[in-house]
Amino acid sequence: MSGFLPSILEGSVRGNYGLMDQVAALHWIQENIQEFYGDNNNVTIIGHGYGAACAHLLMLSPMATGLFARVVLMSGSALSPWAIARNADIYSIKLAQELNCPIYDNIVMVDCIRHKTVEEIQAVPLEAPQYLTSFGPIIDGILVPSEPKHILETGLSDFNYHFQHNVSGHGVGASGATAGAATAPQPVPAPPPQPPLTPLLSQSVHYINNYDLLFGVTRVEAPYVFGAHEERHGIDPSKRDRILRTLVRNLFDFQQQSIFLTLMNEYTDWNRPVDHPINLLDSTVDILGDALR
């Protein structure tokens, strides 16, 4: 948890220390792998579940450029709804309150939490809504520069333009009255032309690197645990509806009923549309697998 505990330093949110540790480990490999007869141009990283999401985020991060060549993602990616902790700051405050840590100052709060024992932290009942994450990677603008979906779609991460003049401009003004005599107001001359603006930082930075990627999921690894009886005999419509409504409610803030009905329609096998318990189990597993991986 402490590896992804968000804090504010110099006005910016930080919290991807767990990912930074992974980057540091990859740097160590680059510097030392030849001592073990390895090839630093042939490094492969592999992740499963949350590990796959972290590996995918490293693929999209400018801080990990050149540290590996191949990636294997198993049952997870940076696009999974649980890959990014959207409300980690809120959970940090809740955790601090449970541990009797001050919350008036972020740095003091984080320092207090980090001095608690593992047992004290694990005893705090702090769970995110089902299918989401309380603590994990955040979009900090540095290691995770932008929304993963945005980077994948455009290959870019947006920044604001910052400009400076090549030379300083000179102020101009109107002449005033001279001693003993009044003069008519003089028109204010137009300011001299300014030199072109030079961007200090490009508006978009290209972050997509070339990697060999192997991505895989397995259907039997459904994120919702069904009992042995349900796996053998299936589930009833009420349980199917309860699972899917929880999924839709936690992942979407809009048109929840429409999304629920769309899932019901798209994942119904119209070659066997009868609500047989096995059919319901199969379609529910398919939905969960597609939505969460």
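Which residues lie nearest the centre of the largest pocket? They are Pro81, Arg86, Leu132, Asn250 and Leu251, out of a lining of 25 residues.

Before going on, the ground rules. This is a predicted model, where local features need pLDDT of at least 70 and side-chain atom pairs count only at pLDDT 80 or more, while totals for chains, interfaces and linings use all residues. Residues are numbered from 1 along each chain as its sequence is written, and side-chain values use heavy atoms, with hydrogens and water left out.

A pocket here is an open set of points on a 1 Å grid over the protein atoms alone, where a 1.4 Å probe fits, with protein on both sides within 12 Å along at least five of seven lines; lining residues have an atom within 4 Å of a point. Helices are DSSP runs of H or I, at least four residues, and strands are E runs of at least two, numbered from the N terminus.

The largest pocket holds about 670 Å³ of space, taken as the space filled by probe spheres set on the points, with grid points joined across faces, edges and corners. Domain 1 (1-164 + 210-217) and domain 2 (228-292) both contribute lining residues, so the pocket lies between them. Those bounds come from an automatic or database domain assignment.

Next, Thr284, which sits in helix H10. Its relative accessibility is 0%, so Thr284 counts as buried; buried means under 20% relative accessible area, exposed over 50%, partly exposed in between, with a 1.4 Å probe and protein chains only. The Thr284 side chain reaches the backbone oxygen of Leu280 at 2.7 Å. Leaving out residues up to four places away in sequence, Thr284 touches Phe226, Ile235, Arg240, Ile243 and Leu244, a contact being heavy atoms within 4.5 Å.

Now the backbone. Asn100 has a positive phi, near 60 degrees, and is not a glycine. Asn100 is in the loop between helix H3 (88-98) and helix H4 (106-114), and at 71% relative accessibility it counts as exposed. Tyr131, also not a glycine, has a positive phi of about 80 degrees. Tyr131 lies in the loop between helix H5 (118-122) and H6, and at 9% relative accessibility it counts as buried.

For the whole protein, there are 10 helices and 9 strands, and buried residues make up 34% of the 293 residues.

Conventions:
Polar contact = N/O pair within 3.5 Å; in protein donor to acceptor, adjacent residues only side chain to side chain.
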